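Please keep the sequence and the model in view while going through the numbered points.

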Amino acid sequence: MNSLSKKGNRLGMDQTDLSLLMRRYGIGLVLVAMCIFLMIATPNFTKASNLLSILNSVAVNGCIAFGMCVVITGGGIDLSVGSMLALGSVMIGKMLDATGSNLIACIVCIAVCTFFGLINGLLLAKFELFPFVVTLATQLSIRGIGYLISGGYSQGLTNVSFTNIGIGKTLGIPNAVFFLTAILIITYILMHRTKFGRYDYAVGGNKAAATASGVPVFWTIAGSYVFSGFCTGVAAVLMSARINAAQPNIGIGYETDAIAACVIGGTSFAGGISTTPGCLIGILMIGVIYNGMNLLGVNSYWQTILKGLLILLALLLDKFMNKKH
Amino acid sequence: MDSNEYILECHGLSKAFAGTKALTEVDMMIRPGTVHALMGENGAGKSTLMKCIIGLLEQDTGTITFEGQPYKVKNPAEAALKGVSMVHQELNVEPYLTIAENIFLHREDVRGPFLDKKATLKKAQALLDEFKFGMPAKTEMQNLPLAKAQMVEIIKAVSQNARLIIMDEPTSSLDSEETEHLFQTIRDLKAQGKTIVYISHRMEEIFQICDDYTVFRDGHSVGCGRVADITTADLVTQMVGREVKNIFPKVDCAIGEVELEVKNLTGKGFKDISFQVHKGEILGLTGLVGAGRSETVSAIFGLLPPTSGEILLEGKEIKNKSTTQAIAHGIAMVNEDRKQYGLCLMRSLRENISLPNLKSRQRGLLLNKKREKEECAQYAKEMTVKSAGLEIEALSLSGGNQQKVVLAKWLMANPKVLILDEPTRGVDVGAKAEIHTQICKLAARGIAIIMISSELPEIMGMSDRILVYHEGKLNGEILRRDILSGVVTQETILAKEFGQ
Amino acid sequence: MKKSTHRVSLLVALSLAAVMLLSACGATSSSAAASSAPAASTASSAAATSDIQVAYICKNTVDAFHQTVNTAAKEALDALVSKGAIKSWQLYDGQTDPATQVTLLDTAITNGANFVIFLPAESAGSDPVVTKCAQEGIPCIVVNSKTDSTDAKATAFVGSDDVFAGEMMGKYIEEKVAAGGKYLHMQGVIGNSAQIDRGQGIANTLGKDSKFEMAGEYACDWSADKAVTNATDAITTYGDKIVAIVCDNDDMSSAVQNYCNSIGRTDIYCIGVDGNAGPLGMVKAGTLGATVLQDGASQVTTAINMIPDVTSGKQVEKTTMIPFVLVTKDNVDQYLK
């Protein structure tokens, strides 16, 4: 093989299946290392209630992260998720007031978020603008809409059955975990088992090649943002139930956590590279850090530092293993 | 004209962009089962015509007939469905998808809403085996060498039942061995009844592999016919519109003392390399791709320091840990990929020419724009850069002129040693000759020049001495007089490249 | 290349572990200190109190007001540990996010906490902490601001009557500007109990006073920046007609007063609530007329000192209000540290 390698035109080296696995899931080893460390440092870490609590705490961010992963894989980015979360929450409050029905509140919330996802998608697919800038603009607008509809007020939810969606348990497992698992499975099937997923990877990997092969680039891009909106809608239901309130000021900075989870999980910022299980690893790592630090009573400033370090680690690993970037 | 005689016919095609006429009443007729050469300088209209055929552009007037039927497509995917495919010069592949996924992109097997990955993989593997590809279909594209990736594009075209395959400069990044392999593939495709449109600047290839030709110049089709009935000189005349006497205008100049010497230089990809370059001398380095030429000069230029050995400049040992140090020592290098390494395409000519020279030419805190303009204009003129002024973007120049800008940039730096890596790659015939003239001019100034080229005629025409590389080591030195006298031929040099 | 990628990831994984180790060493948990205490104390107090682990869930560790509160809390809790009244305590940083506070409660319970001192970030959003404590039977004392179910479900509440604070501000303005005029109201985060109540107090006084008219009410999220921006615009519009700017906290009022002074409008009276170091300094220097001091330290200390009573089953006051103090140049020295 080496005699065929080209100067300057080198596309990469030989890779066995093992090193492909390392490249994609290598960060999982770091997660395992962290867990082992925490197991030793505090016996409370491995309590079943604690592990469930971790899953519980990452559920909201996790749902958003899966949607973000689909968007980034297609070569885009969605900065408006935090605002969508708030707007979704506000809609729940209004719908519960208006109809008292949990189902309608959930459906409307998810529908509204999906709708704004569609707006993002159409804007970006149609015009050659930078996703960063467009979703920054929608981030502001959507938050404003949330404030407008709510009048700026936070509203406590009195519907106990609704809050149960977020904090209740089924078969001993917090409901939030079911939500997260459902989104995980849907994302996995979408990205790894359907044509849409294949096209998403293609558009993110090389848009020109995708176009030349007849891939429906427009609908792939739009679709990725619609999915992101959908996931954020689900997250909004979960969030509102957990804090028992409909608030227009929540979600600020949540896009950062979602992006961090994706990047840590091996999603390439340039597009075309990601795995759904990897994304899950990224989500869990953030949760484990927070939980571990809190159990140990560590200053919260360290948590933020550690999160930043993790992102750097993931980027460095990505750079060394994916030379194209 | 019997319509069954031709597989593709273009009549009266015209295309204009914002006032510039890219194509004017172009005619082209391609016989089925032939390899048809498309020739012409850069900007002559070849790629515009190809884009119309493949569906990336729509012609303003004129008709295209394919296999006897009127032909009009809206995009490359539609063209592929009709049997017309293109293998691009800058490969258009998905780097992170596998070979199988690339070949069957948008044509995947499905079971209900889900992908049937096994079926697609099986189909792809069968195709690869047919072509004796040698690598599994689940390899990621980015792990393939360029030649193999190009083969995948060809296989993809064949799998889409392409009857006409357009190849745009397919050998520009291949070495002799891979080129031969490609030619064999082309002959196999021809035997299967496929038609190839072959775009290339390399004359000897045209005569090696092509049956017919069409020549473009300034947006017009100016000549066509059988390759067997024409000579190189005539082709060049048609392309350039004037007689070009000598493509390799080597002007001998005085060769002085040793400027640069490397002793037992070893590094990644090369071992125990020793040679000397003299003032005013053009030293040619030739060899198969990956043989170690680029790696050696990268070491000299400070891009990738060697692991052992010495580099001596004017008798004194130097160590270049970075390109900044190399340039400070007076060593300059023109990289083979000028778009990536040679130019800031979005910036003006003036900014490009002055870039490495700001440190030495501009003393004060603020830039002396007036002086910069004068000096850059001077050097641009000396390298005969043709452009509408110094302030236009480098992007808008032709390949040949871009290369001249790069030369001007380094000329201004007044180097002692100038390394040129594939200096006329992607440059059309007319500009090639001009660049060669400029290179000789530089030599005449006393600069020691090391030139790497994969085009044997170029190396043989321009060098005072040639060093042949084989798998990281030197395998022979050839003097100019032996080439001129005919003792050493292309075959001899090729044999040495292969290790004899 | 494979070697170097493994080297890199190993290096980074090791440094990650190192950071975690270092930060664990720097942990503020006083469980190490506490474990020696029971041995030292010849506890005449009932053996039952020594297994109380307190979770101090604060609002944040970055606001000036809350830094003061947290420092006072630390002292009071450490004192309880050395007396043997509680076994240990740990601080959990809510980062001003109700969702985080809800998660922290779970973590605290996992860690074995059986008593909660809670400073809510939001009235509605942080409420699940109170309700869950009630559900699990964990005593919970809410400090400084109420959540929706505090009155019904919390063990006790220690705070200050923000309505009274608002009225204090209103009365000050009425006193200083006898002739009346237009005033501006800079608000905190809408929906926060302090914001609601202080606004109520202002409405009770200035709102009902016919001599005064509110020219504008602005949601400034407790932020000095936003307050100054809004004040700038309003003064441009109304000019001399503005006689006073009432702010829900004194980060805002001190910044706004600085701004007014800088444009030559020292005649405008700005007042706020909290009693942070900056405004106190300005009062001493004479550049700010007055500020209403909220004794946060006192609130949290009172709450913490209730812990032994609660755990030994004694009856405690459901609601304790720590009075506000109007600080002017006359009494500022008492409060300056």
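1. Two strands are said to pair if DSSP finds at least two bridges between them; helices (H or I, at least four residues) and strands (E, at least two) are DSSP runs, numbered from the N terminus. In chain B, B:Val262 stands opposite B:Ile311 in β16(B). The strands concerned are β13 (residues 258-267) and β16 (residues 308-313) of chain B, which pair in the antiparallel sense over 5 bridges.

2. The model is a predicted one, in which local features need pLDDT of at least 70 and side-chain atom pairs count only at pLDDT 80 or more, while totals for chains, interfaces and linings use all residues. Residues are numbered from 1 along each chain as its sequence is written, and chains are lettered from A and ligands numbered from 1 in the order in which they are written.

3. The pairing in point 1 belongs to an open sheet of 4 strands in chain B, in the order β14-β13-β16-β17, with antiparallel pairing. Its edge strands, β14 (270-278) and β17 (316-317) of chain B, each pair on one side only. Helix α9 (residues 293-301) of chain B lies across β13, β14 and β16 of that chain, at about 115° to β13(B). Axes are lines fitted to C-alpha atoms, for helices over the stretch in contact, and angles run from 0 to 180 degrees between N-to-C directions.

4. Strand β9 (residues 164-168) of chain B has parallel partners. β9(B) pairs with strand β6 (residues 84-87) of chain B over 4 bridges in the parallel sense, and with strand β10 (residues 195-199) of chain B over 5 bridges, also parallel. B:Met86 has B:Ile166 in β9(B) as its bridge partner, and B:Ile166 in turn has B:Val197 in β10(B). Of the 5 residues of β9(B), 4 are buried. A residue is buried if 20 or more other C-beta atoms lie within 10 Å of its own, exposed if 12 or fewer, and partly exposed in between, with C-beta atoms placed from the backbone.

5. A nonpolar core is a set of buried Ala, Val, Leu, Ile, Met, Phe, Trp, Tyr and Cys residues joined through C-beta atoms within 7 Å. The largest core has 226 residues, and A:Leu238 and C:Ile57 are among those that touch the most other members. Helix α10 (residues 217-243) of chain A gives this core its largest share, 15 residues. Apart from it lies another core, of 67 residues, including B:Ala291 and B:Met451.

6. How do α7(A) and α10(A) run relative to each other? They are roughly antiparallel, because the axes of helix α7 (residues 175-193) of chain A and α10(A) cross at roughly 175° and angles over 145 degrees count as roughly antiparallel. A:Ala176, A:Phe179 and A:Ile183 in α7(A) meet A:Cys231, A:Val234 and A:Leu238 in α10(A).

7. Residues are in contact if their C-beta atoms, placed from the backbone, lie within 7 Å. Of the 2 pairs of chains in contact, chains A and C share the most contacts. Chains B and C do not touch, and their nearest C-alpha atoms are 13 Å apart.

8. Chain C has 14 helices and 13 strands, and 52% of its 337 residues count as buried. C:Tyr259 lies in helix α10 (residues 250-262) of chain C. C:Tyr259 counts as buried because it has 20 C-beta neighbours inside 10 Å. Leaving aside residues up to four places away in sequence, C:Tyr259 touches C:Val228, C:Ala231 and C:Thr232.

Notes:
Angles under 35 degrees count as roughly parallel, over 145 as roughly antiparallel, 65 to 115 as roughly perpendicular and the rest as oblique.
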